[in-house]
Structures are given as structure tokens and as C-alpha cells.
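User: I have a model open and a few questions about how it is put together. Can we go through it piece by piece?

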Amino acid sequence: MTDAPKTPLLDTVQRPADLKQFSDTQLRQIADEVRAETVSAVSVTGGHLGAGLGVVELTVALHAVFDTPRDKLIWDVGHQCYPHKILTERRDRIRTLRMKDGLSGFTKRSESPYDPFGAAHSSTSISAALGFAVARDLGGTPPEGAGDAIAVIGDGSMSAGMAYEAMNNAGHLGKRLVVILNDNEMSIAPPVGAMSSYLSRLYAQNPFHELKAAAKGAVSMLPEPFREGAKRAKEMLKGMAVGGTLFEELGFSYLGPIDGHDMDQLLPVLRTVKERATGPILIHVLTKKGKGYAPAETARDKGHATAKFDVLTGAQKKTPSNAPSYTKVFAEHLIKEAQADDKICAVTAAMPDGTGLNLFAERYPSRCFDVGIAEQHGVTFSAALAAGGMKPFCAMYSTFLQRGYDQVVHDVAIQRLPVRFAIDRAGLVGADGATHAGAFDVAYLSNLPGFVVMAAADEAELAHMVATAAAHDDGPIAFRFPRGEGMGVEMPERGTPIEIGKGRMIRKGKGVAILSFGTRLSEVEKAAENLSAKGITPTVADARFAKPLDRDLILELASTHDALITIEEGAVGGFGSHVAQLLADEGVFDQGLKFRSMVLPDTFIDQSSPADMYAIAGMNAEQIEAKVLSVLGVASLGEARA
């Protein structure tokens with residue numbers, strides 16, 4: 001089904017201000033039409049579906065009540081923002097989501113004034129909203145004006161310490177600020193929903209303190225069977241201190257929980273908050289991820305991330321895989337190591353499926369730990385596991401590990417603790433764009449004393465690196481691998497530990513040597529084949545280690561070739577920089593060696609296919625070939641043939 005849904009009311013909405021002309025009944029219809037449009041758009045583009053479906057009514061209500069972009073609406077993470085984009089002058093481009101030159105899958109300041117703060121990592125919204133609120137009160141003058149600041153943060157994002165740091169500061173400052181806790185972990189039974197509706201109507205007519213008083217006494221008026229559900233809803237996030245919720249202890253007025261799919265509750269509460277709030281206020285909204293689209297509601301992940309799909313059936317249109325994914329290879333070989341060593345355990349930060357540790361957890365549940373969206377804690381937790389005699393594998397995406405870098409330095413590296421870092425999503429990742437690219441880990445880890453840093457060239461090498469990390473007890477060790485499927489190489493039954501700091505020769509040639517670090521090796525080999533057909537035979541080697549470097553291999557390549565080229569899927573300051581430092585220290589450049597380092601360019605590359613992103617970065621076989629010709633002083637391929 002490719003036909004766009006019928007959306008008569010939504011078709012009249014060009015911008016959020018247009019919503020103010022509609023009745024509450026019409027706003028409910030608009031929400032239904034936004035939901036249909038969201039499903040239709042994501043079926044074409046793929047992307048994050050479930051989170052957006054869960055906030056459709058909330059999105060419509062917020063834009064109908066507040067005055068964006070003067071009021072700053074900040075979506076935490078950004079997975080939730082597709083309905084927001086439909087309502088904010090981007091509907092005509094919504095079917096370009098996550099595509100080259102299309103809309104970002106997250107909020108992005110450069111894309112729209114309705115995106116006041118970019119977010120593709122979590123738990124930043126309350127800090128950002130507080131910053132806008134303080135700037136407003138200090139006389140700040142953003143182009144769209146300075147109004148209210150509203151943060152919408154998911155319950156998962158509340159597991160990160162940064163959210164509580166921000167709330168603590170907000171409570172202290174006492175600025176007018178609205179935080180909406182989008183809680184999609186709890187379904188709402190009709191009696192509880194009716195109770196919430198009653199409290200919302202009462203709230204809309206009376207001051208805040210009267211709502212609190214009503215809430216305290218209302219549960220006792222319910223029939224006995226309904227009391228437990230209502231009490232559970234009210235108590236779910238009750239505080240660490242006696243006498244109030246955690247949020248109230250942090251200085252927030254707390255309202256809720258209310259049904260996030262019931263416009264009769266959302267609209268009056270938001271209107272009253274807009275009219276009467278003076279300090280920080282938290283509205284606890286219960287939603288259902290994937291709401292209103294049955295295939296998402298019934299999916300195990302509630303349609304969190306999906307490929308293109310058929311709207312009628314929900315069946316995803318995935319390209320058949322020709323090789324196992326790197327993530328799966330990591331998980332399977334970690335399980336094999338754990339079979340042989342009961343000290344091996346695994347830690348992830350809210351990404352058990354994404355890192356493959358869901359497979360490990362099925363086999364060894366007592367040795368697998370999901371710490372929530374809390375990378376800092378996850379790293380230090382892993383450090384103490386290592387200090388306590390365990391062998392922790394801390395599995396995080398490269399882009400997420402950045403959030404725990406201080407802990408990597410102080411709690412792991414300085415103490416020389418043998419934490420094994422399994423770094424997924426290394427290099428450029430495609431549709432998620434710059435925010436999720438693994439561009440910096442080689443540089444930020446290789447600079448730390450005592451760290452071992454490896455990169456797998458293919459899935460078999462990854463298996464060997466898992467074994468290498470398992471056997472390494474002398475300080476921290478990291479290995480990186482990309483998103484997606486492997487090269488289809490022959491796999492070992494179990495990995496064999498690699499000698500620390502030793503690379504491998506792939507093919508011997510003359511004139512120019514290419515030293516690859518990571519999975520660009522396959523493109524290097526393609527380039528070498530093409531060059532061989534033209535009479536140029538480069539030597540190709542796989543470094544395996546950025547730290548410690550294979551000094552013997554590098555110095556041999558430098559002494560037996562006129563030129564040396566390094567290539568890596570990372571920013572400047574990483575592997576190539578360390579090779580250049582070694583060559584400089586050894587005086588090799590004094591002898592006239594031509595040296596080039598191919599790294600990611602000094603820019604953030606927007607979303608596209610990984611192949612296209614690497615073309616932009618100048619790292620595909622064609623560009624590697626051109627680099628070889630350039631360093632050899634060959635002007636063209638025709639000259640090479642001659």
C-alpha cells in the first residue's frame with residue numbers, strides 16, 4: 001500500500017499556529033491523521049516508528065497550547081520527533097527522513113526554527129530547557145523570541161544521571177520550566193484513566209494545591225478492585241524521601257500521571273500549566289509506544305526502529321543478508337569465551353539488542369548487566385567488576401562511549417584495570433548521520449597510556465579480537481567494529497588470541513605500501529587489484545593495532561617502499577597520527593619517505609548510505625586508487641598504463 005492516507009484536517013495545517021483555530025474534537029481528529037501520516041512516511045523511509053506513535057496526541061496538544069517556535073519545545077533523543085516535524089512546516093519533506101539531503105531522523109537546529117536544540121543522544125532536554133529558561137529571564141533574544149521552555153523526556157532517558165543533575169539545578173533556580181515525563185512503560189486500565197480524567201478536569205478548574213489535595217483523597221473513594229491500579233499509577237515514581245515524590249523533593253511541582261493519549265486530559269492540564277505555572281513543574285504522562293498501529297504495538301520493541309515496511313501488514317522489506325552481522329559475531333564469540341571462563345561478564349547501557357548482548361543475556365543472565373542510559377556509571381561499574389576479579393566486556397556504541405570518557409580515563413586507564421571495551425558502530429553508520437558516527441574512539445582511546453586499541457578488518461578478525469580481549473589481563477583493551485554485515489569470510493570455530501601489537505601482511509608489492517586499520521581493508525584490496533591491472537602493485541598490510549603499534553612492520557614498510565599510506569575509519573589524531581609520530585621519532589622522514597594519512601574529513605558528514613558517506617569522506621576504492629597515483633606522481637591512469 002503506497003497511497004498516502006486521507007488527512008482532510010491535517011491538510012489545512014501548515015504550521016503549529018494553525019492548530020489554534022480547531023476545537024478539541026477536531027484536534028483529536030488531527031491527531032489521528034498525524035498518526036496515519038507518520039506510519040505512511042516511515043513505511044517509505046524506515047526509521048524510528050514506535051516512539052513517535054506514542055506521542056502523537058501529546059505533540060498535537062503541545063503545539064495547540066504553546067506558541068512554538070517562540071516557546072522552545074525540546075524533544076529528548078529525537079526518536080519521538082516525526083509527528084513534530086509533520087506539524088512544523090516539514091510535512092512536504094517527511095518522506096525524505098534519514099535520506100541523503102533529506103530530513104534528519106532527529107531534531108536539528110540547522111533544519112528548522114522549530115528545533116531549538118538538536119538531540120540524538122538522550123537525557124539532555126532538561127538541561128537545555130533550563131538553559132533557555134534562564135536565557136529568557138536574563139534578557140536573551142533568540143531570533144524567534146523567548147517564551148516558555150518545555151522538555152519532553154522519555155522514562156528511559158530519566159535513567160541517566162544528567163537528567164537528575166539538571167532537575168537538581170532547576171529546582172534550586174526555581175525558574176518557570178515545564179518537564180513532561182513521557183512514560184511508556186505502563187499501560188492504563190480504563191478505571192485508572194477515568195480517575196485521571198476526573199482529576200484533570202478538577203485540576204483545570206482549581207489551583208495546583210487543590211489538585212494535590214484531591215489526588216490524596218480520591219483513591220479512597222474508588223471501589224476496592226480499582227484502588228491498587230490507581231495507587232500504582234500514583235506511586236510509580238514516588239520519592240526517595242518520605243512525604244513527597246522524588247520530583248517534589250528536587251523542587252518540582254508534580255502532576256500526574258495522566259493518560260497521554262486522552263486529549264480531554266492533556267489539553268486542560270497543558271492550558272492550565274501555561275496559564276498558571278510559576279516555577280519548575282513536571283507532568284507525568286503515560287503513553288503506549290507504537291500506539292494506534294497494531295504491528296508496532298505487538299512487536300517486541302514496539303516498532304522502535306524499522307526498515308521500510310508494508311503499511312497493511314507491517315512486514316519489513318529487509319534485504320537478505322549474505323553474511324552474519326559484526327554485532328552477532330561479537331555476541332556469539334563472547335558467549336564461546338564465557339563458556340570457557342566463568343569470570344567473563346558483560347555490561348551495556350540500554351542497548352542489549354543493539355550490541356548483541358541480548359543473546360549473551362539469554363545464555364548467562366546472571367553475568368549480563370544493562371545499566372540503563374548511563375554510560376558513565378556503566379564504565380565505572382565495569383572498572384570495579386575488573387578490580388573485583390571479573391573480566392568485564394563493556395559493550396557500547398562508539399558514539400555513546402563518548403559520554404563516559406572521563407570515567408574511561410580516571411576509573412579505567414589511570415588504574416590500569418582490565419576492562420574490555422567492545423566498540424560497536426565504528427566509522428560512518430548511514431541514516432542516523434553525524435550524531436551516531438563512530439569517528440573519534442581511536443583518537444580518544446589511543447591517547448591514553450596503557451590502552452590496547454584494535455580494529456577488526458573482517459568478521460573473522462573480530463572473533464580473534466574477542467579472544468584476545470578475553471585473554472588480556474594487563475590493563476584496558478578495546479576493539480572496534482562497524483555496523484552491518486561482515487565480508488562473508490570463512491569463520492573460525494573459536495577465536496585465537498592475537499599477539500598484542502602485531503599486524504599482518506596481506507600482499508607484498510613494491511613502490512607504495514598501504515597500511516589499513518579496520519574494515520577499509522576490503523576497499524584497499526579492491527584498489528590494489530585495480531592498480532595491479534594497470535602495472536602498479538602496492539604492498540597491503542593490516543595494522544590490527546593502533547596501540548601499541550607494530551613498530552617492526554611499520555618501519556619495514558617505510559624502509560622498503562618509496563611511499564606509505566595509512567587509512568582508517570576515524571578522525572585525525574588517531575592511528576595515522578600515531579604512525580606519523582613513530583616515523584618522525586625514528587627519523588624516517590629524514591630519508592625522504594612520502595607519507596599520507598587517509599582519515600575522515602574535518603567535518604560532520606550528514607546522513608546518507610554508508611557507501612555514499614565514505615565516498616564523501618574519500619575512502620572508497622576509487623579514492624584510495626587516486627591517492628596511490630597521486631603520491632607516486634602519476635597524473636592519470638593512462639600514464640600508469642604506459
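User: Which residues does S104 touch, not counting those up to four places away in sequence?

Analyst: S104 touches K85, L97, E111 and Q607, with residues up to four places away in sequence left out. Keep in mind that this is a predicted model.

User: Where is S104 found?

Analyst: In the loop between α4 (82–90) and α5.

User: Is S104 buried or exposed?

Analyst: S104 has a relative accessibility of 6%. Buried means under 20%, so S104 counts as buried.

User: OK, on to α5. Does the length of α5 fit its number of residues, or what should its 13 residues span?

Analyst: At 1.5 Å a residue, the 13 residues of α5 should span 18 Å. The end C-alpha atoms of α5 are 18 Å apart, so the two agree.

User: Which residues of α5 are buried?

Analyst: S125, I126, A128, A129, L130, F132, A133 and R136.

User: And what do the buried residues of α5 pack against?

Analyst: They pack against β1, β2, α6 (161–173) and β3.

User: What follows α5?

Analyst: G139 follows α5, and the phi of G139 is positive, near 90°.

User: Now the sheet. In what order do the 5 strands come?

Analyst: The order is β1-β2-β3-β5-β4, in an open sheet with parallel pairing. The edge strands are β1 (72–75) and β4 (253–259), each of which pairs on one side only. From one strand to the next, the twist averages 20°.

User: How many bridges are there between β1 and β2?

Analyst: β1 pairs with β2 (residues 149–154) over 4 bridges, in the parallel sense. K72 has A149 in β2 as its bridge partner.

User: Which strands of the sheet does α5 touch?

Analyst: Helix α5 (residues 125–137) packs on the sheet and touches β1, β2 and β3 (177–183). The direction of α5 makes about 175° with that of β2. α11 packs on the sheet as well, touching β3, β4 and β5 (280–286). The direction of α11 makes about 160° with that of β4.

User: What does I153 touch, not counting residues up to four places away in sequence?

Analyst: I153 touches D76, S123, S125, I126, M158, A163, V179, I180, L181 and N182. S125 and I126 are among the buried residues of α5. As for N182, its C-alpha atom is 5.8 Å from that of I153, although 29 residues separate the two along the chain.

User: Back to α11. At what angle do the axes of α3 and α11 cross?

Analyst: The axes of α3 (residues 56–65) and α11 (residues 263–276) cross at roughly 35° and come within 10 Å. The crossing of α3 past α11 is right-handed.

User: Which residues make that contact?

Analyst: On α3, E57, L58, V60, A61, L62 and V65; on α11, M263, L266, L267, L270, R271 and K274. By class, that contact has 9 nonpolar, no polar and 3 charged residues.

User: Why is α3 described as largely enclosed by the rest of the structure?

Analyst: Because 10 of its 10 residues are buried. The buried residues of α3 include E57 and H63.

User: Which strands does β6 pair with?

Analyst: β6 and β8 (residues 391–397) pair in the parallel sense over 5 bridges, and T348 stands opposite A395 in β8. β6 also runs parallel to β7 (residues 368–370), joined by 3 bridges. There, A346 stands opposite C368 in β7.

User: Last one: E337. Where does E337 lie, and is E337 buried or exposed?

Analyst: E337 lies in helix α13 (residues 326–340) and counts as buried, at 6% relative accessibility. Leaving aside neighbours within four places in sequence, E337 is in contact with I344, V466, A467, A470, R494 and G495.

Definitions and conventions:
Residues are numbered from 1 along each chain as its sequence is written. This is a predicted model: local features need pLDDT of at least 70, side-chain atom pairs count only at pLDDT 80 or more; totals for chains, interfaces and linings use all residues. Side-chain values use heavy atoms; hydrogens and water are left out. Axes are lines fitted to C-alpha atoms, for helices over the stretch in contact, and angles run from 0 to 180 degrees between N-to-C directions. Helices (H or I, at least four residues) and strands (E, at least two) are DSSP runs, numbered from the N terminus. A crossing is left-handed if the near helix is turned anticlockwise from the far one by less than a right angle, and right-handed if clockwise. Contact means heavy atoms within 4.5 Å. Ala, Val, Leu, Ile, Met, Phe, Trp, Tyr, Cys and Pro count as nonpolar, Asp, Glu, Lys and Arg as charged, and the others, Gly among them, as polar. Buried means under 20% relative accessible area, exposed over 50%, partly exposed in between (1.4 Å probe, protein chains only). Two strands pair if DSSP finds at least two bridges between them. The expected span of a helix is 1.5 Å times one less than its number of residues.
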